Structures are given as structure tokens and as C-alpha cells.
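Here are a few friendly notes to read alongside the model. Please have the viewer open as you go through them.

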Amino acid sequence: MRAVVQRVTDADVSVDNKITGAIGKGYVVLLGVEEGDTEADADYMVEKITGLRVFEDDEGKMNLSMMDVGGELLSVSQFTLLADARKGRRPSFVKAARPDEANRLYRYFNEKIRGKGIKVEEGIFQAEMLVRINNDGPVTILLDSKKLF
């Protein structure tokens, strides 16, 4: 499972010109589910993301987590994070999980975050979405549940 985590002042996602999810201060998480991923991969991501200390404390140091600052999370499923563009010019997406399994784990991830008392807003799985992100910092963190990077 891969994620792009962006610290934001606010963000929203829309489908067909209708906002389906919006947050204030917190994270936008673009989440890609890989073939073979399990709940353990999602659990790793939940713990890593909610525990990341990238919000500034009173001294201006990135030392606080989203739990510490009452942050919100906008979750967007994005299979293109599993693209393999090493050969040719057209990316291959064969490593991405099949839609039914990807959606199941995406929903599982969102529910586990909610279970920590965090507000979670979502895009629509497999829809063409427009994501508006006001990246704060900018702070962008790449995560991989297999710890490849």
C-alpha cells in the first residue's frame, strides 16, 4: 500500500462539480492499494499517518501529530500510485489491486482512521475527481507499507 500524505490548511474533492468531501487543517491522503495488500498494510498506514509529527509546536518545530492538533483527513483512492513507468512511456498498472479488493481496503483504512476519533472525508472510488489541495509548508510525505522507500 502506498500513500502520499500532504499537510494542508484546507482541501476538498469534487465529482461532477459537486464537493464530496472537504476538510480544514489536516492531511490529504492519496492512497494506492497494491495486489496482495491486507488489513495489516492498512493498519500500518493508519498508525504511521496518525502518528506522523509534522505539525509545528509552539517553537515552530515539526513535533506534533494530527491527533495532537485535532487535524482532519481527506482520503482519496488513487491506483496510479502503483504505476510502473520504468519501461517505455506508458505506465503499467498491473501491480494495482483489483477494484473490489482495493475498495474494501480503502474503506477499511478510512474506518480505522475514524475509529481514532479523526474526521475523515472521502472522494468517490473509481470516479473522475478534482482534488483541491492547499499544501501547507509544503509538507509532503511518501509512505509504503512494504517499506520500499
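1. Which side chain does a polar contact of 2.7 Å join to that of D37? The partner is K146. A polar contact here is a pair of N or O atoms within 3.5 Å; within protein, one must be able to donate a hydrogen and the other to accept it, and residues adjacent in sequence count only if both atoms are side-chain atoms.

2. A word on the source: this is a predicted model, where local features need pLDDT of at least 70, side-chain atom pairs count only at pLDDT 80 or more, and totals for chains, interfaces and linings use all residues. Residues are numbered from 1 along each chain as its sequence is written, and side-chain values use heavy atoms, with hydrogens and water left out.

3. D37 lies in the loop between β3 (26–32) and α1 (39–51); helices (H or I, at least four residues) and strands (E, at least two) are DSSP runs, numbered from the N terminus. With a relative accessible area of 4%, D37 is buried (under 20%; exposed is over 50%, partly exposed in between; 1.4 Å probe, protein chains only). Its side chain also reaches the backbone nitrogen of M1 at 2.8 Å.

4. E34 sits in that loop between β3 and α1 too. E34 is buried but has no salt bridge (a side-chain nitrogen of Lys or Arg within 4 Å of a carboxyl oxygen of Asp or Glu). The nearest side chain of opposite charge is K146, 5.0 Å away; Lys and Arg count as positive, Asp and Glu as negative, while His and the chain ends are not counted.

5. Elsewhere, L142 belongs to strand β8 (residues 130–144) and is exposed, at 51% relative accessible area.
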